[in-house]
Structure formats: structure tokens, C-alpha cells
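Please read them with the coordinates open.

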Amino acid sequence: MRLSRYFLPVLKENPAEAQIVSHRLMLRAGMIKQSSAGIYSWLPLGFKVLRKIENIVHEEQHRAGHMPMLMPTIQSADLWRESGRYDDYGEEMLRIKDRNDRDMLFTPTAEEMITDIFRSHVGSYKDLPLTMYQIQWKFRDERRPRFGVMRGREFYMKDGYNFDLTKEDALHAYNRHLVSYLRTYERMGLQAIPMRADSGPIGGDDTHEFLVLAETGESEVFYDSAVTDLTFGDRDIDYDNVEQCAAVMQEFTTKYARTDETHDEALFNQVPEDRRMTARGIEVGQIFYFGTKYSEVMKATVQGPDGKPVPVHMGSHGIGVSRLLGAIIEASHDDKGIIWPEGVTPYHCGIVNLKQGDEEADAACDALYKSLTALGLEPLYDDRKERAGGKFATMDLIGLPWRITVGPRGLKNGVVELTSRRTGESEEITPELAVQKISEIYAAL
Ligand code: ATP
Ligand code: MG
């Protein structure tokens, strides 16, 4: 993409309404525009990152054997009356009437709809286990929408649902999700710690939230600092293997890590004092096992091996796809702007032409652009007639992890400058080597 043709409405001044750094930077980098409280348009740069995050979620769900599908955003109130949540959900549910005066709502989550689909089509235990998910817009009429996409009213969420014959099978599904979530967040360059949590209006007994530590987080968390040493890495896990998934679950959830709702002072005090941490965290996902809570009220039964009908065991799992943009920026920025982890960066590298209009410089930039593109990489080429300082400021603000700077002086010696956004370190190398280095970095992801 050439910057001269791109829609990137960067702001010079700090927007007054933004209280936290991720919100400020998303507005300044022209990623989003608020349309009303907690509701945003996603401008090209923001949308590109949203899609990258969404793709990682899809790939990791696929790897775990879960099936993508899509359910409507506007749903009839009838299903929700059946589960009892039409009243229970309270003010957060946006209720709508259609032209025939029928009660509708904008879906805040989709347990009822998926359970209805399940009971209409699945009759036998032989069709289990089954896990389906969607990535779809949700609406919750939050009391205090704030912090940009972190607490929106309209937000993009991955929600998945598993159906199993027995509690043991459903617990395997729970563990499988925990494992796949660990991998998902790490691919985004994030450490998200699973913490024992409270189930809220979804209901159920077993639940973990995934939290990214950040001062601006809305949750108070308590943990053993040893949990921050755990990394999933590139382990090759067989998601159908019950013992393997259970072992990872054990490893990542045995040490003390809880949100304030489930915090237990006595238990916490058993952690060695120098490892006892109190901090703030951003909830980027949650997994639940809730047994037969929905299947019993909504009569989602299957015929068991003995021919008798049994209610299925269920769980649900969410990832805050749009909130993740904010969480990643909170975890990765400096005074100049965003620093995208390679896994989610909107463009793989920036090309800055220091002397637009100079024949040699223009040709070198075009050649770089072509070579990178031929390798399947997406560069963002700043080909505007602007001062170098302004170009650097824009690149730093939008946070591409690598920048190639091209100018007549370097070209005389056959070199360009390759700069890391994270460390600020630069090296003068040939254009060919710069391309090769960038391509190797992304190939290793
Ligand atoms: P919270 O406690 O932050 O209100 P929740 O526990 O009600 O969230 P879930 O039902 O667990 O949310 O939804 C799954 C994920 O969706 C959450 O982990 C979070 O990342 C994201 N999410 C929830 N509410 C919002 C929101 N208002 N704006 C953006 N993302 C959200
Ligand atoms: Mg939650």
C-alpha cells in the first residue's frame, strides 16, 4: 500500500476524550472513529489489525477441531424467555421491537440460539462431541462504555459452544479450549494468564478468565509471580488427547492466579511472600463449563447409549476480538506510539523515502516494494512529499515493527537503513539483505 493513496487520518493532538493510552493511540493513528458512545467505525488501519486478530482466532479454533458458523445479531425474545435470561440479563440487553410489535433483541451472547439449533438437529449421543463457534458482533448496553474498544457497547467477539455426552467429555472440551487460548494469545504477542473467575450471568461452576496484566486493566488480580514464567511456546499438542490437554491445564492453572471475585486471602498467603502479586488486568477471554444448565431448561437432550434421553453437558468460550486491539496496545507501546507485535501488525514493514521525486530513491523504493510483495509480504510505502521528520513520526505512531529508510546518501554506498521499532536499533545493509531479513522474521512466526 502506498501511503499517498491510503486513508490514514492521523491526529496531531491528543484527543481530550481518551483517558488511556490505547484509546488515545487508536484515535491518533486513525484506526477508529467513534460514532456514538461505545460504538465505533473501523477505519482501514484499525480494520486491518482487527482482521489479523480474527484470523489468528480462526486458525487456532480450526487447529483445535472447532467448526466456524454464524448466527444472527438480531434475535427473537422468545428463546431468551425460555431460558429465563430475557428478564435476568437486565439493562445491558438492547431490546428492540419490530414492525409487528414483536420483541427482538441485539444478541449480547448466543447460548440460547446455539442450544436451539442443537436441539432441532441432534438426536443421538453418536453425534457428539460437537463444538461450534462464531466471530460476530455483540451488543451490551454497558452502563459506562469507555476506554475506546476496550469497553464498547458494540464489540466483536468470538463465542464458541461445546456439546458433550458426559461431564468428563465436557471437561476435556474445557481443557482443550484453555490450551488453544494459550496458543492464540501468544501468537498475538500477548501473555494472557488464565485466572480462576466468577461466572456471572452465563452461570456455571468452572470458569477461567484470561488476563493481560496492565495498569489500566479494570480487574484487580492476585497471583503467584511464578505464573508469569510459564509460556506455551510451539508445543505440538494433540487436541483430541485427553491427558495431554489435562496436563497443560494443570500446569497453567495450579499456581495461584485469581480475580478479586474469587480471591481467597488464606490460600494466597500460602504463596511465598516475595512472589505474592497484586495487580490490574484486562480480561481478553473467558471459558466456562456449565453442565446441563441450558440443556435442561431448553430440553436439549440426546438419546444415550441405553436409549434413554439425557441432557447434554455444555460449555461456552469467549474471546474479546475487538478488545484485544486495546489490550495489545496497552501492553506494547512507547511515547512515540504503538509497537505492533509481528503476529498482528497491519503491514509487515514501512518503507520511508527520504527524497521523494529523486529518481534513484524512487526507483530503489519501488524495487523494495516489488521484492517484498513478491514474497507475500505487505509493505506500507510512505511515498508522500513530506519532510523526513514527519514521515518518521507517522511510522512510529502507527507502530509497524520494521522500517526501511531509503535516501540518496545511503544509495550512493548501496545501502538502506533497517530499523526495529521496538529497540530503535538501525543497521545499514543492502536492500536485498533488508528484504531477506524481514522475510525471515515473518517466516519464523
Ligand atoms: P466484562 O467483565 O469485562 O464486562 P464479561 O465477563 O461480561 O466481560 P464475557 O461474557 O466473558 O464478558 O465475554 C467474552 C469476552 O468478550 C470478554 O472476555 C471480553 O474480552 C470481551 N468483552 C466483554 N464485554 C466487552 C465490551 N463491553 N467491550 C469489548 N469487549 C468485551
Ligand atoms: Mg467474562
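Predicted model: local features only at pLDDT ≥ 70, side-chain atom pairs only at ≥ 80, totals over all residues.

1. Every value below is computed, so treat local detail accordingly: local features here need pLDDT of at least 70, and side-chain atom pairs count only at pLDDT 80 or more.

2. Metal site. Which residues donate to the magnesium ion (ligand 2)? The protein donors are Glu283, through OE, and Gln286, through OE1. They lie 1.9 to 2.2 Å from the ion.

3. Glu283 is partly exposed, at 25% relative accessible area. Gln286 has 11% relative accessibility.

4. Gln286 in detail. Gln286 sits in strand E13. Its side chain makes a polar contact with the side chain of Thr207, at 2.9 Å. The Gln286 side chain also reaches the backbone oxygen of Asp198, at 3.3 Å. Leaving aside neighbours within four places in sequence, the contacts of Gln286 include Tyr181, Phe210, Ser316, His317 and Gly318.

5. Ala197. This residue is in the loop between strand E9 (193-196) and strand E10 (206-213). Is Ala197 buried or exposed? Ala197 is buried, with a relative accessible area of 6%. Not counting residues up to four places away in sequence, Ala197 touches Thr207, His208, Glu209, Thr259, Thr262 and Gln286. Lys52 is 145 residues from Ala197 along the chain. The C-alpha atoms of Ala197 and Lys52 are separated by 28 Å.

6. Largest pocket. About 910 Å³ of space lies in it. The lining has 42 residues. Arg140, Glu209, Glu283, Gln286 and Arg323 lie nearest the centre of this pocket, and Glu283 and Gln286 are the protein donors of the magnesium ion.

7. Who supplies that lining. Strands E8 (154-164), E11 (219-224), E13 (276-291) and E16 (313-320) each give at least two residues to the largest pocket. E13 gives the most, with seven. By class, the lining of the largest pocket has 13 nonpolar, 15 polar and 14 charged residues.

8. Second largest pocket. About 340 Å³ of space lies here. The lining counts 14 residues, with Ile56, Arg187, Glu342, Gly343 and Leu445 nearest the centre. The elements that give two or more residues to this lining are helix H2 (44-63) and helix H6 (167-187). H2 gives the most, with four residues. By class, the lining of the second largest pocket has five nonpolar, four polar and five charged residues.

9. How many cavities of 30 Å³ or more does a search of the whole structure find? The search finds one. About 50 Å³ of space lies in the largest cavity. The residues that line this cavity are Gly38, Tyr40, Trp42, Trp137, Val149, Gly152, Glu154 and Ser322. By class, the lining of the largest cavity has four nonpolar, three polar and one charged residues.

Key
Residues numbered from 1 in each chain as written. Chains lettered and ligands numbered in written order. Heavy atoms only, no water. Donors = N, O, S within 2.8 Å, 3.2 Å for Na, K, Ca; no water. Buried < 20%, exposed > 50% of the residue type's maximum accessible area, 1.4 Å probe, protein only. 1 Å grid on protein atoms, 1.4 Å probe; cavity = no way out; pocket = protein on both sides within 12 Å on 5 of 7 lines; lining within 4 Å. Points joined across faces, edges and corners; volume = space filled by probe spheres on them. Nonpolar A, V, L, I, M, F, W, Y, C, P; charged D, E, K, R; others polar. Contact = heavy atoms within 4.5 Å. Polar contact = N/O pair within 3.5 Å; in protein donor to acceptor, adjacent residues only side chain to side chain.
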